[in-house]
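Please have a look at it here.

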Amino acid sequence: MKIVYTLLIALCFSFNTSAQLASRAPVGPRALGMGGVSSVFHDNWSIFNNPAGLTETEQLTALFAYKTIFDFAPFNTVSAGVAMPTSLGSMGFSVFSFGDDIFNSQMASLSFARKTGIIRLGVKLNYLQYNIEGFGSKSTLLSDIGVVADLTPQLTFGAHIYNFTQSSIAADNREKVPTVINLGIAYKPSEEITLVIEGEKDIDLDPDLKLGLEYQVIEKVKARTGFSTLTNTHSFGAGLQLSRFGLDYGIRIDRKLGHTHNFGLTFQINE
């Protein structure tokens, strides 16, 4: 049974869409609830996405998220991190773990971001490891780079390249880590509403156009929705921000493969 299961996992990860699940940290519940848009935000969840967004970190903050996908336990992901401001800029350390005892992957990442005028720049160094029972483990280093620019008080542009180093998990370059480019724009017509649009291109896959909306229902509660054209899936989510705690939830509706749920918690360690 384990041999069959291992072969099934290996077959899944021969496709780049599935490879993204194992090699990229989940975007977090806020982004998931807005169609997967992630490059334009500057919040604590940027620790898992565009590192340039970390510049808005004002206090030492811890994050934890759990993602379950396709109603299939081996595709579950746990991620955690901590972000902090420093005199030089903002820094973050994050980890995630995907899979189970038979197949799993882990990543540890160190991020740094700095704001200059209207421009936020960020870089991230990642250590990625794959493990398959009976086949051993492989690892590699890869890097991200990102920028977020406040073009006007209402308009923000974001760009993020994951694995711009085009690292591979094997020396012969047969087991590639996906290289993904995200370009997005956020528009705030009012204090309560944020509209986002993002184009995503894995260099080995078709492009994806994603749309999202966030609405502040009351002072501490936000509702979210979004759509992805590549997967033809809708997303919904909500966020609750208390004095030091933040609770977020996002769901992607996929009637063919099963729904994706993402739960997230943030905690400001320093008041």
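Contact here means heavy atoms within 4.5 Å. This is a predicted model, in which local features need pLDDT of at least 70, side-chain atom pairs count only at pLDDT 80 or more, and totals for chains, interfaces and linings use all residues. Residues are numbered from 1 along each chain as its sequence is written, and side-chain values use heavy atoms, leaving out hydrogens and water.

Let's begin with G136, which sits in strand β6 (residues 136-150); strands are DSSP runs of E, at least two residues, numbered from the N terminus. Not counting residues up to four places away in sequence, G136 touches Y130 and N131.

Two residues can be compared by relative accessible area (buried under 20%, exposed over 50%, partly exposed in between; 1.4 Å probe, protein chains only):

| Residue | Relative accessible area | Class |
|---|---|---|
| G136 | 44% | partly exposed |
| F64 | 40% | partly exposed |

F64 belongs to strand β1. Together with V78, L240, L242, F245, L247 and L265, F64 forms a nonpolar surface patch of about 540 Å² accessible area.

Now to the interior. A nonpolar core is a set of buried Ala, Val, Leu, Ile, Met, Phe, Trp, Tyr and Cys residues joined through side-chain atoms within 4.5 Å. The largest one has 24 residues, and I47, F98, M107, L128, L142 and Y162 have the most contacts inside it. Two or more residues each come from β1 (61-68), β3 (90-99), β4 (103-116) and β5 (119-132), with β4 giving the most, three residues.

Technical notes: Helices (H or I, at least four residues) and strands (E, at least two) are DSSP runs, numbered from the N terminus. Patches are made of residues with over 30% relative accessible area and no salt bridge: like charges are joined within 9 Å, nonpolar side chains (Val, Leu, Ile, Met, Phe, Trp, Tyr) within 5 Å. Accessible areas come from the Shrake-Rupley method with a 1.4 Å probe; for residues, only the protein chains shown count as cover. A salt bridge is a side-chain nitrogen of Lys or Arg within 4 Å of a carboxyl oxygen of Asp or Glu.
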